[in-house]
Structure formats: structure tokens, C-alpha cells
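Reader: I would like to go through the terms used for this structure and see what each one rests on.

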Amino acid sequence: MSTILFVFSRPPHGSINAQEGLDALLMGSAFTTCSVLFVGDGLMQLVAGQSTDDLGTKNFSLSFGALKDYGVTRIACSKPDLLARGLNKDDFLIEVESLNAAAMQAFIRNHDKVLNF
Amino acid sequence: MNFAIVVHGAPYSSEACLSALKFAKAVLASGHSINRVFFYHDGVHTANSLIAPPQDEAPVSEQWQEFGTGNNIELIACIASCLRRGILDETEADRYEKSGSNLAPGFTISGLGQLIDASINADRVVTFGV
């Protein structure tokens with residue numbers, strides 16, 4: 001069975017891409033082994049304490065807490081992108097491993113398919 | 001080689017939709033196969049039968065229909081994306097008591113499982129419009 005890596009690169013708000021990406025990841029994890037890599041502004045999806053009350057949109061970030069229950073075991077982010085945004089892993093809703101460029105390359109290669117969101 | 005093609009961009013708003021079609025034609029012309037085309041995000045607008053482009057612009061939706069039916073390739077539009085964007089087949093129009101349906105011929109509305117299934121079973125997945 002193919003393994004699938006989901007790459008999330010969009011910020012959580014401003015478009016529905018991030019939310020529909022997470023929907024696809026949750027569906028994928030019901031079928032096969034899935035992992036997720038957050039890059040660029042995609043890292044902002046993971047920041048704890050988001051509130052969408054004033055936006056009038058759904059606060060889908062709460063669903064990230066369900067990833068482990070869905071069997072998504074490897075949740076990673078780009079270390080250079082983490083540093084560039086002045087974030088650290090304590091800012092995140094869930095536990096995430098941070099990977100340098102070489103480790104990200106290996107992580108991507110370790111999967112059969114990649115879906116970008 | 002067997003390809004799954006994923007389209008995220010809406011016709012006319014994004015080049016992705018036409019690029020995906022050109023790529024899909026090139027895949028077949030090169031002797032490869034396509035297991036499914038999955039329209040997600042704004043890509044589902046491709047399945048809107050009410051699109052009426054100016055005469056001097058390519059009828060992208062109809063070109064996809066011809067490609068799908070002519071080559072017997074499934075064109076699947078994600079149901080969750082479709083419902084949010086007002087792309088409905090007759091069943092969904094009835095279910096949500098809407099005034100009409102507008103799913104273009106040659107397209108089928110189905111779930112995200114079709115994206116995952118196509119990705120698992122293809123040799124390569126190529127996404128347009130991210």
C-alpha cells in the first residue's frame with residue numbers, strides 16, 4: 001500500500017486551502033499510512049490559541065489534535081521556516097518534529113506519493 | 001505509467017485548470033494512462049455546466065468533458081468542495097432543496113476517498129494549482 005505525505009504550505013486563514021487540506025489528510029489516514037510536513041506559512045496552521053470568532057470562519061485548527069487518533073504518526077515541520085517566523089515548537093497545538101533541509105528531503109523520499117495543499 | 005491528476009484551480013481564474021488538461025492529453029499521447037482526474041478546492045468550478053465564457057476564450061469545462069468521455073477517464077469533483085461552491089447534481093439539489101442542479105455532463109460528484117484511492121493506485125500523482 002502506498003504511503004502518502006501531505007505537504008501543507010498555506011496559512012490557516014485567508015483561504016480555505018488549509019482546511020480542505022486537513023480534510024484530505026484525515027480521509028487519507030483512514031485508507032493508508034499518511035504523514036504530514038508543514039512548510040512556509042503552513043507552519044502558522046499549528047499555532048495554538050487561534051480564534052476565528054471575529055473572522056466568522058470555522059476554527060478547524062482544533063482538529064489537528066485528532067491526528068494521532070487517526071494514526072498520523074509522523075508530523076513534521078521545516079526547521080528553517082520555523083526559525084524564519086520566530087516560532088518555536090512550544091507555540092504549537094501538537095507535538096511536531098522539526099527537520100533541517102536534508103532531513104526534509106529524506107522524509108519526502110521516504111513516501112510513495114506527495115499531495116500538496 | 002499510470003497517473004492520477006488533481007486539479008485545484010478554477011477555470012479562467014487560474015491557469016492550473018488548462019495546464020492540467022494539456023498535461024493529461026500529453027500523458028495519453030505519450031502512451032501512459034490516467035486512472036482518474038480529481039477536482040478539489042476551486043477546481044470543482046470546472047464541473048459547473050452554467051459557465052458561459054466569451055466566444056474568444058477556450059471552453060475549458062467542455063474541453064474537459066470531451067477529454068473525459070472520449071478517453072473513458074473518470075472526472076470526479078469532490079462533494080464537500082462542490083457543496084460549498086454551489087456545484088450540485090440532481091441528487092444533491094433535491095437533498096438540500098435547491099432550485100436547480102448544474103453538474104456538467106461527464107463529471108461525477110464523489111468523496112475525498114476517490115482522491116486517496118487514485119493516489120494510492122497511481123504510479124505518479126500530479127497536482128495543479130497549489
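Reader: How do you know whether the radius of gyration of chain A agrees with that of a compact globule?

Author: This is a predicted model, and the radius is computed over C-alpha atoms. A compact globule of 117 residues would have a radius of gyration near 13 Å, and chain A has 13 Å, so the two agree. Along the principal axes, the C-alpha atoms of chain A fill a box of roughly 40 × 30 × 20 Å.

Reader: What makes a residue of chain A count as buried, and what percentage do?

Author: A residue is called buried if 20 or more other C-beta atoms lie within 10 Å of its own. Of the 117 residues in chain A, 38% count as buried.

Reader: Which elements make up chain A, and in what order do they run?

Author: Chain A has three helices and five strands. Read from the N terminus, their order is β-α-β-β-α-β-α-β. Among the contacts in chain A with a separation of 6 or more, 71% are between residues 24 or more positions apart.

Reader: What makes two residues count as in contact, and how many of chain B touch chain A?

Author: Their C-beta atoms must lie within 7 Å. With that cut-off, 13 residues of chain B are in contact with 15 residues of chain A. On the chain B side, helix 3 (79-85), helix 5 (113-121) and strand 5 (124-128) each supply at least two residues. Helix 5 of chain B gives the most, with five residues.

Reader: How many residues on that side of chain B are nonpolar, polar or charged?

Author: The side of chain B that touches chain A has eight nonpolar residues, five polar and no charged ones. Gly is counted as polar here.

Key: Residues numbered from 1 in each chain as written. Chains lettered and ligands numbered in written order. Predicted model: local features only at pLDDT ≥ 70, side-chain atom pairs only at ≥ 80, totals over all residues. Helix = DSSP H or I, 4+ residues; strand = E, 2+ residues; numbered from the N terminus. Rg over C-alpha atoms; globule rule 2.2 N^0.38 Å. Buried ≥ 20, exposed ≤ 12 C-beta atoms within 10 Å, placed from the backbone.
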